[in-house]
Structure formats: C-alpha cells, structure tokens
Amino acid sequence: MDTHLLSTFVAVARHGSFTAAANELGYTQSAVSQHIAALEADLRTPLLRRRPVALTDAGTRLLEHAEPLLLRLAAARADVTRLVAAPAEHLVVGASALALTGGVAGTLAAVRSRRPLVSVTVRVLERAAIAAQVADGTLDLGLVDGVAAPTDPLPLPDVGPLSAVA
C-alpha cells in the first residue's frame with residue numbers, strides 16, 4: 001500500500017468528505033477520488049460509500065491500522081532526522097496540565113540559563129497527543145501526569161520507540 005494513498009484515505013475518513021480532505025491535503029477533489037480508487041483497486045474492495053461518504057466494514061478495519069501505521073512512519077522519519085540534525089536551537093515541550101509543576105519551570109529556566117540561544121516553547125496538550133507528537137517530532141519532550149506505581153507504569157499509546165522516565 002502506498003502511504004500517500006493511505007494518508008488520503010485517513011483524511012477522507014476523518015472529514016467524511018472528499019472535498020474537505022482535498023482542501024486539507026492541498027489536492028484537487030478529483031485527485032483525492034483517484035487516490036481512493038487506486039487504494040480500493042489495490043485492496044480489491046470498496047473502502048468508502050459515496051453520497052454520503054461513509055466507511056464500509058473494510059474501510060473501518062483499514063482505518064484501525066492506517067492511523068497507527070502513518071504515525072509510526074512519521075515517528076521513524078523524525079527519529080532519523082533527529083539523529084542526523086544539528087543540535088536544536090528551539091526546544092518544544094508538551095505537557096499535560098498537571099505535569100507542569102514548579103520543578104519543570106525551574107528545569108526549563110536552567111536550560112535557558114546554560115544555553116541562552118535556545119528558545120523554549122511549552123504547549124499544554126492531552127496525554128495521548130503528547131506521546132504522538134513526541135514520536136512524530138513535533139515535540140522534543142513530553143511530560144504527562146497520572147496515577148502510577150513503580151510496578152505499574154503510566155500507560156502510554158504505542159507510537160514508536162519512546163523513552164519513558166518515571
């Protein structure tokens with residue numbers, strides 16, 4: 001399966017519209033329609049019902065696989081890019097609301113004092129979004145809160161090879 005076709009399929013499924021997916025992706029509506037037709041031909045089954053746009057059973061099943069696959073591909077790209085990139089001049093931190101403590105603020109201030117040319121941005125997000133955005137490279141660091149025990153760590157979505165520190 002071509003990942004571009006899969007991305008188009010996910011956009012159509014998310015929006016419930018070929019036109020809205022085309023606007024998001026910067027394609028024409030005709031190109032989106034051709035992508036879906038090519039994916040359906042590859043899989044030899046209809047994935048979407050047209051008018052109104054709705055997933056078939058096969059489309060629902062594919063969507064369950066497609067979103068995690070596309071996220072893992074984005075994570076792999078970000079991982080390799082981070083490996084070969086120059087040291088960051090900008091640090092983007094994502095945190096759930098309760099993970100932003102005075103200790104976090106102090107640590108970020110210490111980073112700024114040691115490396116004054118590094119700018120820091122903090123974004124408050126939901127826990128699942130944080131893990132996904134760290135994996136795909138949108139965030140450099142993610143901080144999440146939750147109830148956990150040393151023997152039962154905080155569950156995070158499987159979005160790629162992430163390092164978790166309690």
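Helices here are DSSP runs of H or I with at least four residues, counted from the N terminus. By that rule histidine 4 lies in helix 1, which covers residues 3-15. Keep in mind that this is a predicted model.

Let's stay with histidine 4 for a moment. Its relative accessible area is 51%, and exposed means over 50%, so histidine 4 counts as exposed.

**The whole chain**

Zooming out, the protein has six helices and five strands. Walk along the sequence and the pattern reads α-α-α-β-β-α-β-α-β-α-β. There are 166 residues, and 27% of them count as buried. The accessible surface comes to about 10,600 Å², with 58% of that belonging to carbon and sulfur atoms. As for contacts between residues at least 6 apart in sequence, 62% of them join residues at least 24 apart.

**Two helices that cross**

Two packed helices are described by the angle between their axes and the distance between the axes. For helix 4 (residues 57-84) and helix 6 (residues 127-135), the axes come within 7 Å and cross at roughly 50°. That angle makes helix 4 oblique to helix 6. Who does the touching? On the helix 4 side you'll find Leu71, Ala74, Ala75, Ala78 and Arg82, and they meet Ala132, Val134 and Ala135 in helix 6.

Most residues other than glycine have a negative phi, and most peptide bonds are trans. Arginine 44 sits in the loop between helix 3 (29-43) and strand 1, while arginine 51 belongs to the loop between strand 1 and strand 2.

Which kind of peptide bond joins arginine 51 and proline 52? The bond is cis, with omega about -10°. Proline 52 is in the loop between strand 1 (48-49) and strand 2 (54-55).

| Residue | Relative accessible area | Class |
|---|---|---|
| Arginine 44 | 76% | exposed |
| Arginine 51 | 79% | exposed |
| Valine 122 | 39% | partly exposed |
| Serine 96 | 6% | buried |

Take serine 96 from that table. Its relative accessible area is 6%, and buried means under 20%, so serine 96 counts as buried. Serine 96 lies in the loop between strand 3 (90-95) and helix 5 (102-114). Which residues does serine 96 touch, leaving out those up to four places away in sequence? The list is Val124, Leu125, Ile130, Leu143, Val144 and Asp145.

**A nonpolar patch**

Valine 122 is found in strand 4, residues 119-124. With 39% relative accessibility, valine 122 falls between the 20% and 50% cut-offs and so counts as partly exposed. Together with Leu100 and Val124, Val122 forms a nonpolar patch on the surface. The three residues have about 230 Å² of accessible area together. One member of that patch, Val124, is also among the residues that serine 96 touches.

Terms used: Residues are numbered from 1 along each chain as its sequence is written. This is a predicted model: local features need pLDDT of at least 70, side-chain atom pairs count only at pLDDT 80 or more; totals for chains, interfaces and linings use all residues. Side-chain values use heavy atoms; hydrogens and water are left out. Patches are made of residues with over 30% relative accessible area and no salt bridge: like charges are joined within 9 Å, nonpolar side chains (Val, Leu, Ile, Met, Phe, Trp, Tyr) within 5 Å. Accessible areas come from the Shrake-Rupley method with a 1.4 Å probe; for residues, only the protein chains shown count as cover. A salt bridge is a side-chain nitrogen of Lys or Arg within 4 Å of a carboxyl oxygen of Asp or Glu. Helices (H or I, at least four residues) and strands (E, at least two) are DSSP runs, numbered from the N terminus. Buried means under 20% relative accessible area, exposed over 50%, partly exposed in between (1.4 Å probe, protein chains only). Axes are lines fitted to C-alpha atoms, for helices over the stretch in contact, and angles run from 0 to 180 degrees between N-to-C directions. Angles under 35 degrees count as roughly parallel, over 145 as roughly antiparallel, 65 to 115 as roughly perpendicular and the rest as oblique. Contact means heavy atoms within 4.5 Å.
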